[in-house]
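Subject: Structure handover

Hello,

Here is the structure I promised to pass on. Please open it first, then read the notes below.

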Amino acid sequence: MTISEFSQERISSAHIMVVGCGALGNEVLKNLALSGVRHLVVVDFDVVEPDNLSHSVLFTADDAVAARRKVDAVAECLPHFNPDIEITPVFGDIAYDVGVGLIMDMDVVIGCVDNRWARYCINRHCMRAGIPWVDGGIDTLEGTARVFVPGQNCYACNLGPEGLRDLAYRMPCAGTVKRNIAAGKAPTTSITASVIAAVQVQEALKLLHPQALAEGRLTSLVGKMFCYEGQHLSTRTVAFKAYDDDCAVHEQWTPVARTPLTPADTVAETLSWIDRQLNMEQPSIMLCDDCFVDYVALRSDNTETSVMCPGRAVADAVSRHQQLRHVPLSGIYQHEYREISRLFPYQQLTLAQLGIPGRAVLPVSSTGGEHYIELSGV
């Protein structure tokens with residue numbers, strides 16, 4: 001008989017983030033709760049739908065009727081598996097609504113998402129934060145699991161030209177289920193999710209025990225990919241490692257200065273605090289992952305329309321304007337800012353209005369070089 005290398009004390013004290021509360025996320029969260037993990041952050045921007053009930057153990061019919069937020073549904077259900085669990089639900093998009101500072105508080109992040117763009121964003125955040133993450137993916141009776149560790153391997157480096165072009169592709173678990181039902185087939189999402197989620201949680205727990213990994217008492221999937229094929233019952237582990245030293249995505253942001261600033265602070269207040277407290281002359285905040293757009297203009301006649309929103313929200317803002325509703329986005333150009341300094345004309349806008357979330361880490365450049373600050377205030 002072998003004795004587990006896992007320490008219950010270490011597992012109980014760990015802080016783990018799970019991104020995605022679909023079929024895979026449900027199984028991962030259940031396994032973490034049963035393993036004794038007490039500190040969880042759960043991220044998802046979706047609500048419970050009837051189609052989720054056939055493959056999601058943590059959702060109820062009442063959740064679907066109420067179109068309840070998935071993060072709230074799992075936060076209520078998980079204490080039934082582990083009464084000591086503490087859950088922080090984050091209703092939002094991993095790409096824009098989760099600050100790197102929050103990820104820096106984690107021991108490991110587990111990705112249970114259904115598209116390359118979301119994986120790319122998890123990887124980008126984790127590489128900046130210096131935190132490892134475990135990826136999982138499922139489709140009918142097939143699934144994969146991988147582990148990415150800063151300094152060793154990088155999801156973005158594995159994509160290649162085709163993958164980079166395909167970042168926005170999305171095939172959610174619900175879409176897979178509907179596709180099978182329409183064809184008269186029994187959905188198998190829950191079966192594959194249980195297999196891959198078990199591997200993901202196993203790998204996450206290994207990452208909590210670096211000494212056992214270093215001494216070879218545990219073996220990790222870092223630089224490898226676990227592949228499951230259920231139709232003919234086969235599994236294999238293949239080499240899957242790429243790390244390009246010139247890749248900007250896995251640049252670690254360090255050191256980070258904690259500040260009392262919050263997204264509710266204005267641009268003027270933020271720049272003044274940086275100048276005064278950090279002694280940084282002429283600071284500029286870099287918007288690395290998005291931009292701020294003050295107006296759009298028709299390419300045909302340069303007619304301007306104010307939108308005042310982050311770049312990711314421009315399409316929705318345009319659709320609300322009667323005169324622009326039927327104009328294709330290709331017929332519009334946007335006036336944007338990617339650097340916020342004293343020259344920015346909207347000094348009274350808050351950081352939240354620029355699209356910056358709580359616990360964000362902001363790169364700030366000045367005459368003295370580049371620095372990183374965290375919006376650590378409550």
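Is Thr-235 buried or exposed? Thr-235 counts as exposed, because its relative accessibility is 51%. The cut-offs: buried is under 20% relative accessible area, exposed is over 50%, and partly exposed is in between (1.4 Å probe, protein chains only).

Before the rest, the ground rules. This is a predicted model, where local features need pLDDT of at least 70, side-chain atom pairs count only at pLDDT 80 or more, and totals for chains, interfaces and linings use all residues. Residues are numbered from 1 along each chain as its sequence is written, and side-chain values use heavy atoms, with hydrogens and water left out.

More on Thr-235

Thr-235 sits in strand 8. Helices (H or I, at least four residues) and strands (E, at least two) are DSSP runs, numbered from the N terminus. Setting aside neighbours within four places in sequence, Thr-235 is in contact with Phe-226, Cys-227 and Tyr-228. Contact means heavy atoms within 4.5 Å. Thr-144 is 91 residues away from Thr-235 along the chain, yet their C-alpha atoms are separated by 9.6 Å.

Helix 2

Helix 2 covers residues 23–35. Its 13 residues should span 18 Å at 1.5 Å a residue, and the end C-alpha atoms are 19 Å apart, so the two agree. The expected span is 1.5 Å times one less than the number of residues. Of the 13 residues, 11 are buried. Among them are Leu-24, Val-28, Leu-29 and Leu-32, but also Glu-27 and Lys-30. Just after helix 2 comes Gly-36, with a positive phi of about 100°.

The cores

In soluble globular proteins, nonpolar side chains tend to be buried together. Here the largest nonpolar core has 45 residues. A nonpolar core is a set of buried Ala, Val, Leu, Ile, Met, Phe, Trp, Tyr and Cys residues joined through side-chain atoms within 4.5 Å. Ile-16, Val-18, Leu-29, Leu-32 and Leu-40 have the most contacts inside the largest core. Helix 9 (residues 189–207) gives the most to this core, with 8 residues. Another core, of 34 residues, lies apart from it and includes Val-41, Val-113, Tyr-155 and Ala-156.

Take Leu-40 as an example. Beyond its neighbours within four places in sequence, Leu-40 is in contact with Ile-16, Val-18, Leu-29, Leu-32, Leu-78, Ile-85, Glu-86, Ile-87 and Thr-88.

The structure holds 1 cavity of 30 Å³ or more. On a 1 Å grid over the protein atoms alone, a cavity is a set of points where a 1.4 Å probe fits but cannot get out. A pocket is an open set with protein on both sides within 12 Å along at least five of seven lines, and lining residues have an atom within 4 Å of a point. Points are joined across faces, edges and corners, and a volume is the space filled by probe spheres set on them.

The largest cavity has about 290 Å³ of space. It is lined by 22 residues, and Asp-289, Gly-355, Ile-356, Pro-357 and Leu-362 lie nearest its centre. Strand 15 gives the largest share of this lining, 3 residues. By class, the cavity lining divides into 15 nonpolar, 3 polar and 4 charged residues. Nonpolar means Ala, Val, Leu, Ile, Met, Phe, Trp, Tyr, Cys and Pro; charged means Asp, Glu, Lys and Arg; the others, Gly among them, are polar.

The second largest pocket has about 200 Å³ of space. Its lining includes Tyr-120, Arg-124, Arg-128, Trp-253, Asp-289 and Tyr-372. Helix 6 (116–129) and strand 16 (369–375) each give two or more residues. The largest share, 3 residues, comes from helix 6. This lining has 7 nonpolar, no polar and 5 charged residues.

Loops to check

- The peptide bond from Thr-254 to Pro-255 is cis, with omega near -10°. Pro-255 lies in the loop between strand 8 (234–239) and strand 9 (256–259).
- Gln-282 is not a glycine, but its phi is positive, near 50°. At 63% relative accessibility, Gln-282 counts as exposed.
- Asn-302 also is not a glycine and has a positive phi of about 65°. At 46% relative accessibility, Asn-302 counts as partly exposed.
- Ala-264 is in the loop between strand 9 and helix 11. Ala-264 and Ala-248 are 16 residues apart in sequence and 29 Å apart in space, C-alpha to C-alpha.

Best wishes
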